[in-house]
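Welcome! Let us walk through this structure together, one site at a time.

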Amino acid sequence: MNKTEIAAVLNDIGTLLELKGENPFKIRAYQAGSRLLEGLGEDEIAQRVEAGTLEEVKGIGEALAQKISELHRTGRLEFFEKLRASVPEGLVEMLSIPGLGAKKVRALQDKLGVDSIAKLRAACAENRVAALDGFGEKSQEKILAGIRNREAYGKRHLWIRASEAGAPILAGLRKLPGVQQAESCGSLRRRMETVGDLDFLVATTEPAPVVEWFVTQPEVQEITARGESKASVRLQSGLQADLRLVPPEQFVFTLHHLTGSKDHNVQMRQRALARGFSMSEWGLFPAEEKHGPTAEAKKQGAAGPKSLKAKTEADLFQALGLPFIPPELREGLGEIEAAEAGKLPRLVEVEDIRGVFHNHTTSSDGHNTLEEMTAAAEALGLDYLGIADHSKTSVQARGLDEARLEQQIEAIRKLNESKRFKTHVFSGTECDILPDGKLDFSKTTLAQLDYVVVSVHSSFRQEHDVMTKRIIRAIEQPHVTMLGHLTGRLLLEREAYDVDVDKVIDAAIAHGVIIELNASPMRLDMDWRHWRKAAEKGLLTSINPDAHRIAQLEFFRLGVGVARKGWLTKEQVFTTRPLAAVKKWLAARGK
Ligand code: DGT
Ligand code: CA
Ligand code: CA
Ligand code: ZN
């Protein structure tokens, strides 16, 4: 196991002990151990496990050292497995409901005998939770809302999780002998923000060994279906994965079919029919051959109608008089009409991105220092990096006050001057939008910065008009460059603020404010469904990773996927501009 996985196990142990009501010191030792481990280097841990010197690290005692070593060496820990088996699954599941920590879960179990989400829902319905000490009406409502959300979203997965789970399987399939082509299709390929299941497609003339390989992967928890040319499994992550196997000449047609979406497919089939073809996952057939082989085909000894040939999806589109439509656009939302009219946008690409704004450092709630973040941005080949730590009202995120912000501005100035890195750093802030729409910093303070992101981090439940006015008021302030995470949604977890997105878009355009495309995989906010229209009206976006550690800088790649899904071109994305142009634009805005 690597350090992140071990840290997660230690953290889980802490949680399980808490659910069992164990000694708080013991609990804290595991939680602290988990954090400690995160701070150590991967190599250092390996060396210390090897040399048996983990205990020399302050905060790691004998028991912890032994457990870390066992996990590192074997990837398993008997203590953990026994502990997990001793705590009802339902209690652990209850923790996934926002607002329920281990203490509250224990109280619910002790006082109401609730040890599953189903029982919790019943207890809420009977008003028994509200009556408990430390709960009340409001928290009962919140729990119920959490249960409903879980049910509505429970079966979907963040795109990034699906992508991570799918990547090794796809790579493995491509390496198998006899596999000519393999692709992930479905919502993953279309870059939907969440994914229901994985859809793999393989071109081969010999499906049996491929099916066998697929169902025997170590991540496979259960085989839900198995046939000669298809199989379905459930992975340990809870994700389902389908596999289809087709002869090579059919690959492109099935690829297009399995990529979808359903609406896109339906429209494509209609188009095919109008042009005298019948289109399916099997191929593209001249319509008169739909019901069987023609006399000509029979003469040739063919068993059924013959499909047109297509080597690539571009060939398939071309056969229907269309240019290639990128998978991200295939939602049946006008892409076929646009393609027909020659009006498909030239979508922004990962290679177009020159820099990233809205990133955190250890000055607020980030995990890496300014220097580490800059070095990482340089390693990614980025020309500029925008830092935007939290502002003072975000106390829980250790937001900066004016004095600390000034120190940071100075540190960034010196870093740029030192020319240690090729990447230029912009000083910014993620300034809180206070509940009344005022900003957390004065104009004078904001004027000192290269750029300003403004975001809502409190009073999420304001009603529609209040929230809309609040955000628009913030946009209207001088020195504001960008609006952060417009709706505050956390995918599969927390609803968006109740805000009039169209009005905010219009206000941003009117005031020359950028709306960010927050590329954090759980946000992807503003939603792709708004971008096409907004950008046509003149809205500019910046693809912002909102990185809280160096590895997260790369989230901008996900952001590009969403931007493409929103029909955005290079010109509509601020961070595709070269450094000099960005400096100039920001300087002009700053006045
Ligand atoms: P998901 O898995 O819920 O995130 O969404 P998809 O789009 O991956 O859907 P999935 O896995 O049920 O099916 C994979 C593809 O198969 C889908 O993108 C389009 C195609 N497909 C599924 N159902 C239908 C259908 O009823 N009609 C047509 N024409 N195509 C379909
Ligand atoms: Ca799917
Ligand atoms: Ca599927
Ligand atoms: Zn934020």
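Which residues are the closest to ligand 1, and how many surround it? There are 14 residues around ligand 1, and the closest are R156, S187, R190, G196 and D197; a residue counts as near when one of its heavy atoms lies within 4 Å. Before going further, please keep in mind that this is a predicted model, in which local features need pLDDT of at least 70 and side-chain atom pairs count only at pLDDT 80 or more, while totals for chains, interfaces and linings use all residues. Residues are numbered from 1 along each chain as its sequence is written, chains are lettered from A and ligands numbered from 1 in the order in which they are written, and side-chain values use heavy atoms, with hydrogens and water left out.

Back to ligand 1. A polar side-chain atom of S187 lies 2.5 Å from one of its oxygen atoms, and a polar backbone atom of G196 is 2.7 Å from an oxygen atom of ligand 1. On its own, ligand 1 has 600 Å² of accessible area, and the protein covers 69% of it (Shrake-Rupley method, 1.4 Å probe). Helix 11 (186–189), strand 4, helix 13 (251–259) and helix 14 (262–274) each give two or more residues to the shell; helices (H or I, at least four residues) and strands (E, at least two) are DSSP runs, numbered from the N terminus. Helix 13 gives the largest share, 3 residues.

D197 also leads us to the metals. The calcium ion (ligand 3) and the calcium ion (ligand 2) are 3.8 Å apart, and D197 coordinates both. Donors are N, O and S atoms within 2.8 Å of the metal (3.2 Å for Na, K and Ca); water is not among the atoms, so sites may look incomplete. D199 counts as buried, at 15% relative accessibility, whereas D242 is partly exposed at 25%. Here buried means under 20% relative accessible area, exposed over 50% and partly exposed in between (1.4 Å probe, protein chains only).

Next comes the zinc ion (ligand 4), coordinated by E430, H457 and H485 at 2.0 to 2.2 Å. E430 lies in strand 12 (residues 424–432) and H457 in the loop between strand 13 (451–455) and helix 21 (464–476), so this pair ties together parts 27 residues apart in sequence. Both E430 and H457 are buried.

Strands 12 and 13 run parallel, joined by 5 bridges (strands pair if DSSP finds at least two bridges between them). They belong to an open sheet of 7 strands, in the order 10-11-12-13-14-15-16.

Definitions and conventions: A polar contact is a pair of N or O atoms within 3.5 Å; within protein, one must be able to donate a hydrogen and the other to accept it, and residues adjacent in sequence count only if both atoms are side-chain atoms.
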